[in-house]
Amino acid sequence: MSELVTISTLDGKNTFNAYVARPAGKAKAAIVVIQEIFGINTGIRRKCDKLAEEGYLAVAPDLFWQFEDGIELDPDIEPEMNKALDLFGKFDQDQGIRDIEAAIKYARAEGCAKVGAVGYCLGGRLAYMTAARTDSDATVGYYAVGVDNLLNEKHAIANPLMLHIPTEDGFVDKDTQAAMHAGLDDHPKVTLHDYKGLDHGFATEFGNRRSEEAANLADSRTSEFFQKHLG
């Protein structure tokens, strides 16, 4: 069962929508699904639905409410990709983390003792920030961008974090990947997985970017990770 819910910002001054997918029975835990730069589109909703099928309460906050409600973009359509990149440049990431924290609080209020998070692209970066700045019990980031600029926050990561890194990511160059490994390989709470020859967006649910084999491998690792730390 899925629905659109309204969540209050942490300061109580605004509200934003979130797509929520509920399992058939009692949720074993909750997972906040953090969007790409394309909004809460069909791919992110499908991510939520699949998590609900695994027994989780899945909550995808509409972080682009900063601009307008209900933005949905398709990366395979060039003008929409360009709009997404423009929004990424304007996006207030600190506000985004506060909204993710509000979504975590919503999930806990729904009766879930454990709440994790998973994010993609922009959401992968925000997943790293979520691990460092919130009480997420377990967090996963796919093709996170700009993590090298956040390594000074790694000391604050207290709960397990997994990052999926495609080695031919057009948005994350080799130097950035090397910095991620140098900064995080010895962190007791962080696990990094490299995907040789893969590009950004390889685990998307729909569209040209998807690599079926690599997506299934990464998603199986994510599933096992959440089962271990949330399940």
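Reply: Happy to. The protein has six helices and eight strands, where helices (H or I, at least four residues) and strands (E, at least two) are DSSP runs numbered from the N terminus. Along the sequence they come in the order β-β-β-α-β-α-α-β-α-β-β-α-β-α. This is a predicted model, in which local features need pLDDT of at least 70 and side-chain atom pairs count only at pLDDT 80 or more, while totals for chains, interfaces and linings use all residues. Residues are numbered from 1 along each chain as its sequence is written, and side-chain values use heavy atoms, leaving out hydrogens and water.

Now to the core. The largest nonpolar core holds 84 residues, and I7, V33, V118, L126, Y128 and F226 have the most contacts inside it. Such a core is a set of buried Ala, Val, Leu, Ile, Met, Phe, Trp, Tyr and Cys residues joined through side-chain atoms within 4.5 Å; buried means under 20% relative accessible area, exposed over 50%, and partly exposed in between, with a 1.4 Å probe and protein chains only. In soluble globular proteins, nonpolar side chains tend to be buried together.

Let us zoom in on Y128. Setting aside neighbours within four places in sequence, Y128 is in contact (heavy atoms within 4.5 Å) with V147, L150, L151, E153, K154, I157, L161, L163 and L184.

Stepping back, buried residues make up 57% of the 231 residues in the protein. Of the contacts between residues at least 6 apart in sequence, 67% join residues at least 24 apart. The C-alpha trace spans about 40 × 40 × 35 Å along its principal axes.
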